[in-house]
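Let's take a walk through a structure together, one piece at a time. Have the sequence and the 3D view open, and look up each part as we get to it.

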Amino acid sequence: MLDGVRVLEVSRSQTMMAGRVLADLGADVIVVEPPGGAEGRRLPPFLGERAGLERGLTWHALNRNKRSVTLDVASSDGRDLFLRLAATAQVVLEGEQAHFASLTQNGVVHCAVRAFSENGPKRAAAFTDRTIVAAAGPAYYTGDGDRAPLYIPVPQAMMEAGAEAAVAVLAGLAARERDGEGQRVGVSMRVAAMMSAFSSPYYPGTQEARPQRSSERRPVVGIRAPQFYACRDGFVQVNISTGGFGALTRRMTEWVATCVPLAADVVDTDWSRFPYGDDSDAARRLQATIDALTLAFSTMTKFAIGDAAREHGFFAAPLLDMSDISRFVQYRERGLWDSQALPDGRSIDAPVRFAHFDSFEIASGRPAPALSEHTHELLAEVGLSAQEIQALFAHGIV
Amino acid sequence: MTASLAGLRVLDLSWVMVGPMTGRYLADLGADVIKVESRKRIDPLRTLGPFVGGVSHPERTLSYHFINAGKRSVTIDLSHEAGRDVVRSLARHVDVVIESFTAGTLDRMGLGWSSLSAENPRLVMASTCLFGQTGPERAAAGVGTLGAAYSGASHLVGWPDRPPTGPFSAWTDSVTPRFVAACLLAALRRRDREGKGCYVDVAQAEAGLQFLLPEYFRFAANGVVPGRRGADVDPHRAPSGTFPCAGVDRWIAIDASADAHWRALRSLAAPALDDPAFDTLLGRLRNRERLHSSVAGWTKPQDRDALERGLQNAGIPAHVLADGDDLIDDPDLAADGYYGRIEDPMIGPQRMRGAQFTIEPARTMPARPAPLIGASTDEVLREVAGFSDAKIDALRRDGVLA
């Protein structure tokens, strides 16, 4: 889809997802790494629990379909080589240190993925992925209220910012296509990660109770319904929805009444109008529903509950672990997986097809590049001789 | 300079978050995004808060503005065949259609990709739902909390000694729109070059898995099934974590594992962290629990904002755990124009975000209010579908434009 678009990605953790989405959609993405390797190669986990520049599984997940060239952009030779490569590219993607922003004058779409705002008081703040997620809001609201906040155990700021930058780059390309001008695109990791704080910044200006850090739902008639229920082999997520989705809760109570005893008038509750009547009656209905779900789920498997929810049409889902995900029939039959080679010679099924199209297919194509794997072919393409490339190597520039 | 997508027209048939936020990305880039909704079957987002003034009312929720800013709203009742005809007429004159119904719903209404693309071969259309348009479970209805469960996220977040807590809110709703928007923009680029439309199908649960790939690869390559690790998300770093500060539920994240950051922290906190066991990274990792409780003992009595400033002045990665009150008031977020002021006829002046990123010299749109329900019905049907006033009046009389 992006045939003819060449992207130079000066690799940072926060650029990797962007480059990968663009590469998956057909762009020719070249990862530019310092001679010692990109920082993303040092992110855990590692293949076989053994560290190594070619063994980082985060690297493998986020760099397929790209080629790698090493050059030291801080040296004048490295900079010159970069500019030669950039003359063949439409997009340059960088982290917070934007070395090549002036390339917009040459018609390039330049995207810098910074930690904070470009012009704000935190523009030079020290950061890691964890501190950005803290700054963005999701961490404060994740976990149990009586304990410290939690994080998703995968760096999320780099994922959010990378996905955001893919959109931003394509938006910049659209403008370039129309006007023929280079575009300067700025993405903030913090702003990107704020998407997962949802509407929480907008509660303070209202009289409504702020969101709380809790695995339970907002209180209704004084009752906080759990979101997670134990079942025989794990947990399930359940939404006792009201309002627009109330009909689904009705179907859930009808189903649960076939499994465990539940008073007929509770089954009959109109969840689209809930809560109604006096509070104590509403509380009785809600609590009876929670108790019935707790009892019914305790003897069932998570997949059986998921099957029932999908069959009867209500909001309950098994908490899948990664093994469950690899076996889940829906993902397999839909074609999420494609084989991706690992450096130990094995191949794994990777969840490659994040989208399906009527007239395009995402494929795992080439595996993530080895360090400097394509330096020779790419520098030869911009006119360097074999002797010259060897000289650059001898000087530690590539 | 004009915005990237000025002149592009989008028909947004979606509700709640994933589809509408995708539409908002396009609106922020200058596209004319027409949101189709109905008073008969109101967008559930309009029933969710926070409501300005504490009054639960479909025109008063800030969540709706957050996700639908800058769109035009038309009301069409899709349960009428005539309503579906109106959508067909509009779809002939737009570049993009976005929909997020449960798979199969739009086909049953005769508004699926095969029908719409037959009449508008240059159409680019995106469908997004829990599991996508194909596969045995495609017809499952879902929201972002279920997406989090099916993507593997909910299983990974929580304390090992308690039930999971899952990620905050309807997690896959925040992840997925970027994938849909990127696919749409790529497809539009191809259409402009080759004249060919495109159909994009994104499953929200599968999109969520993309943000968890390192844990999936840990399983697929190493055979380890990751579980809940509590606050200990990165066992390779120390000190690195969330530490308590003075006040109720006030916290700071500090990540001073790198040698220079550690030395700076140690001198700032002296003598709290002087224990020679902490001299080396290896020592810190082996005594991680003791190290982290020493750091917590040092942070506990301190004001979190002053502490953040002190740590940042010493070059140490640190930030308070921001809550909504912090996020709406942070001057750093105002600096690049992330927040703007909107003026809405129902809720008056409000602070609301603009675009998610900046582009120059083409620009993104400033913060704008979301539309009142049906505010542009007549104007859109006249301008876009070419309907006469008489036809619009007749449709309204028949209850089609409700």
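Start with one helix, α13(B), whose buried residues are L291(B), H292(B), V295(B) and T299(B). These residues cover an arc of only 95° around the axis, so they sit on the same side of α13(B). Turn to the other side of the helix and you'll find E289(B) and S293(B), which are exposed. What lies over the buried residues? The cover includes two strands, β7 (240-244) and β8 (251-255), and two helices, α12 (281-286) and α14 (304-313), of chain B.

Helix α13 of chain B runs over residues 288-299, which makes twelve residues, and at 1.5 Å a residue it should span 16 Å. The C-alpha atoms at its ends are 16 Å apart, so the expectation and the model agree.

Before going on, keep in mind that this is a predicted model. How confident is the predictor? The mean pLDDT of chain B is 97, and 100% of its residues reach 70 or more. For the model, both ipTM and pTM come out at 0.98.

Now zoom out to chain B as a whole. It holds 18 helices and twelve strands, and its C-alpha trace spans about 85 × 50 × 40 Å along the principal axes. Of its 402 residues, 58% count as buried. Take the contacts in chain B with a separation of 6 or more: 68% of them are between residues 24 or more positions apart.

Chain B also has a partner. Here, 117 residues of chain B are in contact with 125 residues of chain A. Helix α8 (residues 172-194) of chain B gives the largest share of the side of chain B that touches chain A, with twelve residues. By type, the residues on that side of chain B divide into 71 nonpolar, 28 polar and 18 charged. The two chains even pair strands: β12 (residues 356-357) of chain A and β6 (residues 198-203) of chain B run antiparallel, joined over two bridges. To find the spot, look for F357(A), which stands opposite V200(B) in β6(B).

Let's cross over to chain A. Strand β3 (residues 66-70) of chain A is mostly covered, with four of its five residues buried. Its pairing with strand β2 (residues 28-33) of chain A is parallel and goes over five bridges. One residue to look for is V31(A), whose bridge partner in β3(A) is S68(A).

Next, find V238(A) in strand β8 (residues 234-238) of chain A. Is V238(A) buried or exposed? There are 28 other C-beta atoms within 10 Å of V238(A), and 20 or more are enough to count, so V238(A) is buried. Leaving out residues up to four places away in sequence, V238(A) touches Q227(A), Y229(A), L293(A), F315(A) and A316(A). Go eleven residues along the sequence from V238(A) and you get to T249(A), with the two C-alpha atoms 9.8 Å apart in space.

T249(A) brings us to our last stop, helix α7 (residues 246-256) of chain A, where L248(A), T249(A), M252(A), T253(A) and V256(A) are buried. Seen down the axis, the buried residues of α7(A) fall within an arc of 140°, so they line one face of the helix. Covering them are parts of chain A that include α8 (264-267), α9 (279-298) and β9 (316-318).

Conventions:
Residues are numbered from 1 along each chain as its sequence is written. Chains are lettered from A and ligands numbered from 1 in the order in which they are written. This is a predicted model: local features need pLDDT of at least 70, side-chain atom pairs count only at pLDDT 80 or more; totals for chains, interfaces and linings use all residues. The expected span of a helix is 1.5 Å times one less than its number of residues. A residue is buried if 20 or more other C-beta atoms lie within 10 Å of its own, exposed if 12 or fewer, and partly exposed in between; C-beta atoms are placed from the backbone. The arc is that of the directions from the helix axis to the C-beta atoms. Two residues are in contact if their C-beta atoms, placed from the backbone, lie within 7 Å. Ala, Val, Leu, Ile, Met, Phe, Trp, Tyr, Cys and Pro count as nonpolar, Asp, Glu, Lys and Arg as charged, and the others, Gly among them, as polar. Two strands pair if DSSP finds at least two bridges between them. pLDDT is the predictor's confidence in each residue, from 0 to 100.
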